[in-house]
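Colleague: I'm new to this structure and would like to learn how to read it. Could you walk me through its features?

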Amino acid sequence: MKRIACFLLAIAFCAAVAFPASASPVSSPQAGEALKRAKSYLLKLEKERGVLSPWSYIALAASGENLGGSRISRACELLGSDEELASGEMNTYCLLVFTLLAAGQDPFNYRGKNIVEVIQQAQLPSGKFADNVKTGGEDLVNSHIWAVLALKAAGASVPDPEGARRWLAGRQHEDGSFYWNARDRKTADVDSTGMVLMALGALGETQESPVVQKAVRYLQSVQKASGGFESWGAENPESCSMVILGLRTVGIDPQDPAFRKPEGDPVTALLRFQLPDGSFEHIEGGGANEMATHQALMALDALLSGEIFWTRLKREAGPGGREELSVRFRVGKKWYVTSWSGQEERHEMDAVPFVESGRTFAPVRYLALALGVAERDILWDGKNRTVALRVGNTTVRLTVGSRTLYVNGRSRGMDVAPVVRNGRTYLPARYVAEAFGYRVDWNESLKEVLITLPVKGKQ
């Protein structure tokens with residue numbers, strides 16, 4: 001009983017103070033279906049090709065795909081080889097961090113190397129993360145962006161966050177845009193501007209920030225009548241994806257009226273590039289393109305989950321390994337398992353989880369208890385058929401039959417609604433868990449939903 005009490009207390013504390021979503025999720029059946037098809041295409045592509053690009057694995061993992069049976073470990077080996085790391089390129093080190101996290105490996109100790117520490121030590125007095133961890137350099141804006149996001153994804157600190165923010169803001173052009181080459185003070189680039197918004201958001205900037213507002217005005221000024229964006233003279237899904245990711249990170253809805261044009265918005269423009277096989281093409285008529293597909297997948301997941309890929313990858317890792325709270329519900333089984341620092345405990349239920357409309361539903365009482373909600377904080381309003389769950393300062397409210405969930409009074413859309421079966425109320429496990437700040441994964445082979453919350457690591 002003491003171990004369970006500690007487990008629930010730790011969950012309650014962490015859920016109350018950690019892991020806020022960047023923006024409220026939206027309910028979009030069209031985007032949800034597009035996401036599933038993009039994931040299916042990449043998984044099929046791996047079977048045909050052998051190994052995908054690291055970014056494809058990152059996109060799959062960040063969108064909740066279980067990569068246990070994939071070849072992601074081989075991708076880590078190729079990217080983290082002595083030959084690759086010898087180049088010292090910051091982008092290589094950052095990409096390795098993302099890929100290791102996607103693979104469930106530890107970037108603080110990869111083949112005896114602390115990849116995270118190498119990135120931290122490469123921050124220059126100017127606040128800029130060096131282009132190369134060995135030779136320095138302050139030309140590449142993208143290497144700075146990826147360094148910030150890689151450290152955030154690993155749960156590590158940015159040594160000088162204000163310096164990092166100040167250097168990045170100082171690269172903004174007069175029209176509000178950014179460009180990948182810091183020496184070029186005139187060329188505007190949509191993709192770079194979207195990427196910078198991601199890093200600024202990770203460093204604490206919001207839509208109220210002057211530098212963010214200026215960047216947003218630039219994006220609005222170059223948006224096409226289709227609702228999309230272009231780079232290098234052609235409208236393409238990658239530019240739409242970077243804009244969506246950037247806006248979501250600073251809390252702006254890319255489907256807000258301010259981004260609606262006569263023919264659509266950034267999301268509808270993105271979806272127009274998806275082909276029947278689930279892939280996305282780089283330009284109209286260009287055929288399936290892996291990069292366009294994995295970038296679209298990250299953007300769609302950010303839209304639907306309210307989180308950005310680096311927050312979805314986040315793992316708190318330390319020298320002693322990872323400590324995390326986890327809960328496993330298996331479809332059709334009258335039990336669930338809680339785990340704390342490797343200590344597992346099985347709990348019996350009198351009802352079983354089931355899958356409907358592609359979502360796992362769990363009985364409200366057991367799901368709530370597993371997430372650290374005390375019995376007294378499971379509140380049922382029979383007249384209005386509404387359930388409220390409270391952990392610390394977070395209250396989640398759902399109503400049977402309604403696809404709207406409320407977190408501390410703020411609404412979030414869902415693509416399914418709570419249901420009543422055999423006199424029992426069932427809630428969609430993913431939406432409830434994510435509302436409390438948990439990461440949710442699905443194991444298709446076991447028909448099992450895994451809910452985790454890291455609680456210790458590098459700060």
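Modeller: Happy to! Let's begin with a definition: accessible areas come from the Shrake-Rupley method with a 1.4 Å probe. For this chain, the accessible surface comes to about 19,100 Å², and carbon and sulfur atoms account for 48% of that surface. Please keep in mind that this is a predicted model.

Colleague: Thanks. How many helices and strands does the chain have?

Modeller: There are 17 helices and 18 strands in the chain. Of its 459 residues, 57% count as buried. Take contacts between residues at least 6 apart in sequence: 61% of them join residues at least 24 apart.

Colleague: What does phenylalanine 98 touch, not counting residues up to four places away in sequence?

Modeller: Phenylalanine 98 is in contact with Trp55, Ile58, Trp146, Leu149, Ala150, Ala153, Phe309, Trp310 and Leu313, with residues up to four places away in sequence left out.

Colleague: Let's turn to sheets. In which order do the five strands of the open sheet come, and is the pairing parallel or antiparallel?

Modeller: Strands of a sheet pair through backbone hydrogen bonds, either parallel or antiparallel. In this open sheet the order is β10-β11-β12-β13-β14, with antiparallel pairing. At the edges are β10 (378-381) and β14 (410-413), each of which pairs on one side only. From one strand to the next, the twist averages 20 degrees.

Colleague: How many bridges link β11 and β12?

Modeller: Six bridges join strand β11 (residues 386-391) to strand β12 (residues 394-399), in the antiparallel sense. As one example, valine 391 has threonine 394 in β12 as its bridge partner.

Colleague: And charged side chains? How many salt bridges does the count come to?

Modeller: Side chains of opposite charge can pair when their charged atoms come close. The count here is 25 salt bridges. One of them joins lysine 113 to aspartate 82, with the closest N and O atoms 3.5 Å apart. This pair links distant parts of the chain, 31 residues apart: lysine 113 is in the loop between α6 and α7 (115-121), and aspartate 82 is in helix α5 (residues 82-86).

Colleague: Are aspartate 301 and arginine 312 buried or exposed?

Modeller: Both aspartate 301 and arginine 312 are buried. Their side chains meet in a salt bridge, at 3.1 Å from N to O. Aspartate 301 sits in helix α14 (residues 290-305) and arginine 312 in helix α15 (residues 309-313), 11 residues apart.

Colleague: One last pair, please. Where do arginine 390 and aspartate 377 lie?

Modeller: The side chains of arginine 390 and aspartate 377 meet in a salt bridge of 2.7 Å, N to O. Arginine 390 is in strand β11 and aspartate 377 in the loop between α16 (364-370) and β10, so this pair ties together parts 13 residues apart in sequence. Arginine 390 counts as partly exposed at 34% relative accessibility, whereas aspartate 377 is buried, with a relative accessible area of 11%.

How values were computed: Residues numbered from 1 in each chain as written. Predicted model: local features only at pLDDT ≥ 70, side-chain atom pairs only at ≥ 80, totals over all residues. Heavy atoms only, no water. Contact = heavy atoms within 4.5 Å. Pairing = 2+ DSSP bridges. Helix = DSSP H or I, 4+ residues; strand = E, 2+ residues; numbered from the N terminus. Axes fitted to C-alpha atoms, helices over the stretch in contact; angles between N-to-C directions. Buried < 20%, exposed > 50% of the residue type's maximum accessible area, 1.4 Å probe, protein only. Salt bridge = Lys/Arg side-chain N within 4 Å of Asp/Glu carboxyl O.
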